Every structure is written in C-alpha cells, then in structure tokens.
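I am opening a notebook page on this chain. The entries below go from the overall layout to one helix pair.

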Amino acid sequence: MEVEVNEIDELLVELIERIAGELGVVIYSLGIEGEFTDEQLSQELGVEINDVRRVLFAMYELGLAAYRRTRDDETGWMEYYWKINYEKEREVLKRELEKTKEKLEAKLELEDGSVYYICTNGCIKVRYEEAMEYGFSCPRCSGMLEFLDSSEAIRKIREEIDKIDEMLSMLS
Ligand SMILES: [Zn+2]
C-alpha cells in the first residue's frame, strides 16, 4: 500500500530543516513529551551539545520550542529546560506562509506595475523611462536594451500565491 504524505507535515519538515537544519528535523520527530535538558538530548543523540543548543534556539525563534532557565546550586551554571511546542505547529506554519505570501504579493505588485528593459548581455535591468534615456543601449556595454516580458514570472508568482492560499485554508 502506498503511504499518502500529508502536505502539511511535509511543509513543516521543510520549514524546520530550513531554520534548524537536519538535526532540527530529527529532534522534532522524536516527539518528546515534557521537559528535557540540552545535555540529556546531546547524550541521547550522540551529538555535540553546542549543535543541540543551536538547533533548539533556532526552533525557539520559530516558536516551536520553549525553555526555562534555573541556576544549578552546585556548579552555579545556568541550566536550560526545554520543551517542544508541538501544539503550536499549525500556528507557526500559518504565520510563515502568510509572511511568504506577503513577500510574493509585494513582488507581484512590482512586476505588475512596471515595464522593464534588460541588457542583452545581462548587465542591467531598468524601467522604460530609464531605458529611453539611455537610447535603449546599455550604459555599461553598449549592448541593446530589450523589452522584458514578465508575464511568465507573473504567472509563476500567482501560482505560488494560489498554492499558499490552498494550504492556509487547510490550516484554518
Ligand atoms: Zn550591458
């Protein structure tokens, strides 16, 4: 039987991997309930404690991990008690998707509102007015400035936004 991969899970793994790396995905998938110290986790996984900490702090930034600190009376060192916020994953994903959507929309607005010309040798990309000032020849290499057809780029951005909207509706 073929296993159906949940698209939301896949997205979550992608996000964790991008922010916290492979080790982040490993730690997250352990499904640890309750608190643990970075030292415990480091021993259990056989990974450097600094790597574990780096990953946990990256996940904390994302909202997928939380910690409390206490001072160890004997050593005087700070001890971190960590917890993975599994219950926040939908919320975190939603926020990240909305951020990406905003960026895409800004990009779309930029593409939609202007006509661009590019140097055929790839030196510059300028607006129509500027291209006219240069007499449609590149100020760097004197190559020709050519009209840039951005319809394909726009179509791709629209597609990405549609995909995000679909996933957002799955999350709410
Ligand atoms: Zn040029």
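I read the order of elements from the N terminus first, and it is α-β-α-α-β-β-α-β-β-α-β-α. I count six helices and six strands; both are DSSP runs numbered from the N terminus, helices being H or I of at least four residues and strands E of at least two. The model is predicted, so I note that local features need pLDDT of at least 70 and side-chain atom pairs 80 or more, while totals for chains, interfaces and linings use all residues. Residues are numbered from 1 along each chain as its sequence is written.

Next I looked up the overall extent. The C-alpha atoms fill a box of roughly 75 × 45 × 30 Å along the principal axes. Of the 172 residues, 14% are buried (20 or more other C-beta atoms within 10 Å of the residue's own, with C-beta atoms placed from the backbone).

Then I turned to one helix pair. Helix α1 (residues 7-29) packs on helix α3 (residues 49-62) at about 100°, and their axes are 9 Å apart. Axes here are lines fitted to C-alpha atoms over the stretch in contact, and angles run from 0 to 180 degrees between N-to-C directions.

Methods: A residue is buried if 20 or more other C-beta atoms lie within 10 Å of its own, exposed if 12 or fewer, and partly exposed in between; C-beta atoms are placed from the backbone.
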